[in-house]
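Here is a colleague's note for someone opening this entry for the first time. Please keep the sequence and the 3D view side by side while reading.

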Amino acid sequence: MKKFKISIVLVICLIFTLLVGCGNSSTSSNTSNSTASKPAKQTITDSTGAKVEVPTTINTIADGWPAHNEVLVMLGQGSKIVSTNKSDAPQSRPWLAVVNPQMKKATTAFTNTAVNTDELLKTKPDIVFNSVVPQIANSVTQLGIPVVQLTYTNFDELKNVFTLSGKILGPDAEKKANNYIKYLDGKLTSIQAVTSKIPESQKPKVLHITALNPLTIDGSNTIIDSWIKVAGGINAASSVSGNMKVVSMENILQWNPDVIIFSSNTVTNSNDRATAIEKLSSDPTWSKINAVKNKKMYVNPDGAFLWDRYGAEEALQIQWAAKTLYPDKFTNIDMTKETKSFYKTFLNYNLTDDETDKILKALPPATK
């Protein structure tokens, strides 16, 4: 009887040992699988069609595309920017530095056409983002740093670029990209539900001017052309393809736009704004244009990035443009409210009433 009891005890101990061992083995296996589930690198396809191997853990970012720096902020990655384009330096993009103070620390290794490789190497970026500039991409690749080239000319391509950026930068960034796209899609749908019903013959011809000397406009195959169409306009310069194209006054007279929208690039302060509009109004040649005759000239808002050019604030641009072209059809759009909400939700910054007013008037932030 005593031997039987001892045997039972031994069996119980053996079973317990096996269970504990299996449990430890399972835990060890799970730990191993968890570690193996995140590879050190992933391969993505950028806007040029190139396959690029990028790290899955990214702590430092160099971004040579001015528009994309704001996208990084929207994706919650602004604190990782260590190098940027001179166009995004605080003196050039003061609102970007307000919503993302890291811009004050970032070096400016990039221009739109070149990169200072010595300066870039000092910042030790894990990855470089840039627009499609082959000479920059080649220079960076030779340094052994992965470079992702990005571009878009319409809203579907914009969403692809933002989605790819989120995928590269991790689950949290990917979630933020998806939330932004849902917001953008909602605004596109609600605006186009109205503008799609307007006959083409009743839509205004809109000219987007980026500079007066030389006279520079934005034509077709651009995001500018896309937001003009979404807002219910016709791009007066659609016969010209591309961004920032120099044209003649004869072109403008031939197009005879009903509305002129000045990019904030054209003006830098309230005096410049008045000068630009007054210059056209008092010029005998410009005065022949419908937009000038009817005083349909507007300066585009300007925030963390130019609303009208390739940044995250395109979602605000389509609303502002629609309300500007059709104030009676979009009485439901409150740009002050939308701008405040957008900055809080997507740029993690609470705008004051005064700051919001300045952005809508394309004015810089107050000097502190």
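The points below go from the whole chain to single elements and residues.

1. Overall make-up. This is a predicted model. The protein chain has 14 helices and 13 strands. Its length is 368 residues, and 49% of them count as buried.

2. Contacts along the chain. Take the contacts between residues at least 6 apart in sequence. Of these, 61% join residues at least 24 apart.

3. Strand E6 covers residues 127-130. Which way do its residues point? Ile127 and Phe129 point one way, while Val128 and Asn130 point the other way. All of them are buried. In a regular strand, side chains alternate between the two faces of the sheet.

4. Partners of E6. Strand E3 (residues 61-63) runs parallel to E6, and three bridges join them. Here Asp63 stands opposite Phe129. Strand E7 (residues 147-149) also runs parallel to E6, again with three bridges. In E7, Val148 is the bridge partner of Phe129. How does the chain get from E6 to E7? It passes through helix H5 (residues 134-142), and this β-α-β crossover is right-handed.

5. Helix H2. This helix spans residues 66-74 and is mostly covered. How many of its residues are buried? Nine of its nine residues are. Among them are Pro66, His68, Asn69 and Glu70, along with Val71, Leu72 and Met74. Just after H2 comes Gly76, with a positive phi of about 80 degrees.

6. Helix H8. Residues 223-230 form H8, which is mostly covered too: seven of its eight residues are buried. These are Ile223, Ile224, Asp225, Ser226, Trp227, Ile228 and Val230. What covers them? The cover includes helix H6 (155-169), helix H7 and helix H12 (314-325). It also includes strands E8 (205-212), E10 (234-235) and E12 (259-262). Gly232 follows H8, and its phi is positive, near 95 degrees.

7. Gln102. This residue is found in the loop between helix H3 (94-99) and strand E5 (107-110). Is Gln102 buried or exposed? Its relative accessibility is 18%, so Gln102 counts as buried, the cut-off being under 20%. A polar atom of its side chain lies 2.9 Å from the backbone oxygen of Ile81. Leaving aside neighbours within four places in sequence, Gln102 is in contact with Gly78, Ser79 and Ile81.

8. Asn179. Helix H7 (residues 171-195) holds Asn179. The relative accessible area of Asn179 is 37%. That value lies between the cut-offs of 20% and 50%, so Asn179 is partly exposed. How far is Asn179 from Leu75? They are 104 residues apart in sequence. In space, the two are 9.9 Å apart, C-alpha to C-alpha.

Note on methods: Residues numbered from 1 in each chain as written. Predicted model: local features only at pLDDT ≥ 70, side-chain atom pairs only at ≥ 80, totals over all residues. Heavy atoms only, no water. Helix = DSSP H or I, 4+ residues; strand = E, 2+ residues; numbered from the N terminus. Buried < 20%, exposed > 50% of the residue type's maximum accessible area, 1.4 Å probe, protein only. Contact = heavy atoms within 4.5 Å. Polar contact = N/O pair within 3.5 Å; in protein donor to acceptor, adjacent residues only side chain to side chain. Pairing = 2+ DSSP bridges. Right-handed = clockwise from strand over helix to strand, strands pointing away.
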